[in-house]
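This report looks at charged side chains that pair up. Which residues take part, and where do they sit?

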Amino acid sequence: MKNKKLLLIVIGVLVISFIGASVFFAWQGISAANKKQEYFDVYRDIAKKYIASDSEMLNKYGDDISVTFDNSVTYSKSGERGFWDSYIEIFAPRVPDTLEKFTDEIDMIKFNVRIRGDKYEIIFEKNTLGELVVTNLSEINP
C-alpha cells in the first residue's frame, strides 16, 4: 500500500514537472518569435518605403501604391550551424537584444508582398558594409 502511494506521488510530481517545463519552453519560444517579428517589421517598413519610391513601381502603379505583406518571411543566418546548435535552439531560442546585433547575424531576408493584387518578392542581402539592403524586387509569376 505504501509503495503504491509513493509511486502515485512520484508519477504526479513527474507529470507536474513535465507540464511546467512544457509551458516554460512554449512561453520562451513565443517570446523569441515575437521579438524576431518586431525586427522583421522594421525591414517590412523599409521595404514599403523602397517600393513607394521605386521609379518602376511608380510608373506602373502611380503615386498611391498599396502594399500588403503576407505573414511569411524567409531568412538565412550568418555562419555555419551544426545539428546540435539547431537542436538547442529549439529549447533555448536566442534572439539578440538589439536590431543591430540581429542584423549582424542575418545574411538574407525575403518577403512576399502584394502591390495592388500583383505578387512580388523583395529580398534584402548584406552589402560590403554589412548592412541589409534591398537587392531584388521582382514579380512572382503564377
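R116 is partly exposed, at 42% relative accessibility. Its partner is D64: the two form a salt bridge, with the closest N and O atoms 2.8 Å apart. D64 is exposed, with a relative accessible area of 56%. Here buried means under 20% relative accessible area, exposed over 50%, and partly exposed in between (1.4 Å probe, protein chains only). A salt bridge is a side-chain nitrogen of Lys or Arg within 4 Å of a carboxyl oxygen of Asp or Glu.

The D64 and R116 pair links distant parts of the chain, 52 residues apart. D64 lies in the loop between α2 (55-61) and β1 (67-77), and R116 in the loop between β2 (106-115) and β3 (118-126). Helices (H or I, at least four residues) and strands (E, at least two) are DSSP runs, numbered from the N terminus.

## Basis of the model

The model is predicted: local features need pLDDT of at least 70, side-chain atom pairs count only at pLDDT 80 or more, and totals for chains, interfaces and linings use all residues. Residues are numbered from 1 along each chain as its sequence is written, and side-chain values use heavy atoms, leaving out hydrogens and water.

K110 in strand β2 and E121 in strand β3 are eleven residues apart. Their side chains meet in a salt bridge (3.8 Å, N to O). K110 is partly exposed at 25%, whereas E121 is buried at 18%.

## A pair within a helix

R44 and D41 form a salt bridge, the closest N and O atoms being 2.8 Å apart. They are three residues apart in helix α1 (residues 2-53), so about one helical turn separates them. R44 is buried at 9%; D41 is partly exposed at 37%.

The whole structure holds five salt bridges.
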